[in-house]
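Here is a short report on one protein model.

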Amino acid sequence: LHRNSFGDCGGAKIAEALKRNRALKFLDIGDCSMCEGSGVAIGEAISINQTLTSLYLKMNSCGDEGAAAIAKALQTNKTLRHLDLAGNNICTKGGISMGEALEMNQTLTHLDLRDNRFNKMILLCRGIAEAKC
């Protein structure tokens with residue numbers, strides 16, 4: 001679904017489908033014109049979904065609220081291994097949320113946060129250093 005401009009409406013529908021899905025392992029919804037609302041909905045979905053192992057969300061605008069919801073989901077999700085949030089307008093608040101999530105998550109092996117706008121990378125790095133994986 002990469003580069004389909006379905007925006008937040010489509011993002012919300014995908015999130016609802018992810019809550020019920022029991023087979024999909026890989027999802028690329030990068031560069032789909034999604035904003036914070038989609039990030040929040042997808043965060044809620046991956047807290048429920050137990051099959052997805054790779055999620056590409058790069059080049060959207062999930063922002064701090066979306067990043068926080070996804071980070072919250074990472075604290076309990078046991079299947080996601082690869083997460084790409086590059087270029088999502090994530091600032092300090094979202095970076096802190098991600099750092100805290102990494103302290104709890106034991107399954108994520110790849111996290112791409114390039115091209116965001118962190119001001120306090122040290123907090124994210126602390127989460128990585130204390131990760132239990």
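By the rule applied here (a pair of cysteine sulfur atoms within 2.5 Å), the count of disulfides is zero. Cys35 is in no disulfide; the nearest cysteine sulfur belongs to Cys62 and is 8.4 Å away. A disulfide is a covalent bond between the sulfur atoms of two cysteines.

This is a predicted model: local features need pLDDT of at least 70, side-chain atom pairs count only at pLDDT 80 or more, and totals for chains, interfaces and linings use all residues. Residues are numbered from 1 along each chain as its sequence is written, and side-chain values use heavy atoms, with hydrogens and water left out.

Buried means under 20% relative accessible area, exposed over 50%, and partly exposed in between (1.4 Å probe, protein chains only).

| Residue | Relative accessible area | Class |
|---|---|---|
| Cys35 | 36% | partly exposed |
| Cys91 | 18% | buried |
| Phe26 | 47% | partly exposed |
| Tyr56 | 18% | buried |

Now the sheet. Helices (H or I, at least four residues) and strands (E, at least two) are DSSP runs, numbered from the N terminus. Two strands pair if DSSP finds at least two bridges between them. Four strands form an open sheet in the order β1-β2-β3-β4, with parallel pairing. β1 (26-28) and β4 (110-112) each have a single partner strand, so one side of each is left without a neighbour in the sheet.

β1 is joined to β2 (residues 54-56) by three bridges, and the two run parallel. Phe26 stands opposite Ser54 in β2.

Which aromatic rings pair? Phe26 and Tyr56 do, 5.2 Å centre to centre with 50° between the planes, a tilted pair. The structure holds one such aromatic pair. Ring centres must lie within 6.5 Å; planes under 30 degrees apart count as stacked, over 60 as edge-to-face and the rest as tilted. Phe26 lies in β1 and Tyr56 in β2, so the pair ties together parts that are 30 residues apart in sequence.

Lys25 sits in the loop between α1 (7-20) and β1. Lys25 touches Thr51, Leu52, Thr53 and Ser54 (heavy atoms within 4.5 Å), not counting residues up to four places away in sequence.

Last, helix α4 (residues 92-104). At 1.5 Å a residue (times one less than the number of residues), its 13 residues should span 18 Å; the end C-alpha atoms are 19 Å apart, which agrees. Buried residues of α4 include Met98, Ala101 and Leu102.

How values were computed
Phe/Tyr/Trp six-rings, centres within 6.5 Å; stacked < 30°, edge-to-face > 60°.
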